[in-house]
Amino acid sequence: MIAKTLQGSLTFSDIEAESGLAAALNHAPADALRHIDASGLRGRGGAGFPTSLKWDLAAKSPGDRKYVICNADEGEPGTFKDRVILSEFADMVFEGMTIGAMVIGAQYGLVYLRAEYTYLRPHLEAVLQRRRERNLLGKNIQGKEGFDFDIEIRMGAGAYVCGEETALIESLEGQRGEPRNRPPFPIDTGYLDNPTIVNNVETFAWVVCILARGAKWFKSVGTEKSTGRKLFSISGDCQRPGVYEFPMGITVAELLGEVGGEGAKAVQVGGAAGQCVPAAQSDRTIAYEDIPTGGSIIIFGPERDMLRVAENFLEFFVDESCGQCTPCREGAPRLLEGVKLLQQGRCSMQYLRELCDLGQSMQLAAKCGLGQTAPNAFLSIVEHFRDEILGRINGSLS
Amino acid sequence: MLVTERERLRDDLVKMADRFGRDRSALMPILQELKRTHYHISGYSMQVIADLLDIHPVEVDSVVSFYSFLDEKPQGQFVIRLCRTITCAMRGKEHVARQLVNDLGIDFGETTSDGKFSLAWANCLGMCDQGPAMLVNDNIYTHVTPEKVHGILEECRRTFGVHALADKEHAS
């Protein structure tokens, strides 16, 4: 029923099974961590936090119980690469989690799988069971005395905000998925107050590649601040949508060429939380230092109405805001009302400016990543498509 | 609800607590299992769960009301969730939505009077390259067209007996 959506060749296909874990087990945990540090790997969920730093802090946190959590709550609009990774490379993700457990000294692993992907669960449970039978999970893993680690799958229940790591932990604890104040951070006060690392599905898979092939190999592509390769979920107006692997630092124009999206009017990079890049800026690069993304690329052809795009994204945030903090709970509905005024052609420049100020206040004052990024799409569309959105007659584009 | 029905529900919930544990982190798995097998998280069941986990019933209610896949209203045996995100919208989800409303005779947010189908919107289902996408319980349908809607609903009606039987066996 689900079409195969992998395009081109993927590094993940070329890595020998369990070679990353074998390499890790040959090292002391601190040496394995040094390899990850040297690679410059940053979180592939989109926030881009250095993986080795997170793991180092969790390793140094005192505690008898530690947790490795895989964030499989892939809810960003336009993202589906984690679904493909979990379908095709589940072993690799679990292998990466096991390496993480060795590095920080964890005994327990949890996969927080979004409810929308419940159909993946039987497959994932079967893979876990096979790993237990091969002693890749369980007690004294691969003969390493005292290395005990197992992984359990826990289901989300349809809340985008639970992709935020502290909200995810709240949800696992049986609470509403409301983000916590930080500090304290999960690295010392995570799941049930134990030291915890939370990483994206893809990050764990790249850790395996780095240990199998080496930090130098990983760093040979990408930019100085954004090393390596990354998976992208491509959708929208292009000839070949699907999941692609590209080096970090690829320009928007190069990417459009690869997927058959030439002639696009705009590209939304980073999903609803990301920014809308107009065709005129297609020489910009996709990297943490320029346009960061968890891999969501949505392409808009020349006929698309950008106000419809802004409206759709804001409806999303109004629906998904947890309601905990005022800037997000109250701000997103005001921006959505503003979009409706623009659609009716009844928004003054003065009011549009006030809406943009409100958006900037949300970026500064909201409590978590959801609220801080909720105005991004609106602000970038207002900035780049002013001619298109002002002075409308009868709500239509032309 | 009859007393005997309540007792049966209570027994089911005790079994779930035995299986998932009686600490707070068992709350979500219990609620998810309850919804899967009983299609309804009632006020009474929230009370029982609160007793079993030794928390206040309001705590249970606040969790149920937070998550879009948990619901205090009785749900149909088949919950249909159509993706409303931009890429599915660009591929014609509005037409699929209209046909679902036509064929089911209910609006989004409602349940058919025979208790078979509930209709709801979902945010991104992670099928953006194959939209419009739609979940029917745990099953995903992609490239859905208005024309395909009828067939999908018929498939649900045909397999309903099998589903109900399997669920009963699973619950016991």
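At what angle do helix α3 and helix α6 of chain A pack?

## Basis of the report

This is a predicted model, in which local features need pLDDT of at least 70 and side-chain atom pairs count only at pLDDT 80 or more, while totals for chains, interfaces and linings use all residues. Residues are numbered from 1 along each chain as its sequence is written, and chains are lettered from A and ligands numbered from 1 in the order in which they are written.

## A helix pair in chain A

Helix α3 (residues 29-39) and helix α6 (residues 90-104) of chain A pack at an angle of about 120 degrees, and their axes are 8 Å apart. Helices (H or I, at least four residues) and strands (E, at least two) are DSSP runs, numbered from the N terminus. Axes are lines fitted to C-alpha atoms, for helices over the stretch in contact, and angles run from 0 to 180 degrees between N-to-C directions. The angle therefore makes α3(A) oblique to α6(A); angles under 35 degrees count as roughly parallel, over 145 as roughly antiparallel, 65 to 115 as roughly perpendicular and the rest as oblique.

From α3(A), Pro29(A), Ala32(A) and Leu33(A) meet Ile99(A), Met102(A) and Val103(A) of α6(A). Two residues are in contact if their C-beta atoms, placed from the backbone, lie within 7 Å. The residues of this contact divide into six nonpolar, no polar and no charged. Ala, Val, Leu, Ile, Met, Phe, Trp, Tyr, Cys and Pro count as nonpolar, Asp, Glu, Lys and Arg as charged, and the others, Gly among them, as polar.

## The contact between the chains

Chain A gives 41 residues to the contact and chain B gives 32 residues. On the side of chain A that touches chain B, the elements giving two or more residues are α8 (165-172), β5 (229-236) and α12 (306-320) of chain A. Of these, α12(A) gives the most, with six residues. This side of chain A divides into 19 nonpolar, 15 polar and seven charged residues.

Leaving aside neighbours within four places in sequence, Ala310(A) is in contact with Val339(A), Ala377(A), Phe378(A) and Ile381(A).

## Chain B as a whole

Chain B holds seven helices and four strands. Their order from the N terminus is α-α-α-α-β-α-α-β-β-β-α. The C-alpha trace of chain B spans about 50 × 30 × 25 Å along its principal axes.

Among contacts in chain B with a separation of 6 or more, 60% join residues 24 or more positions apart.
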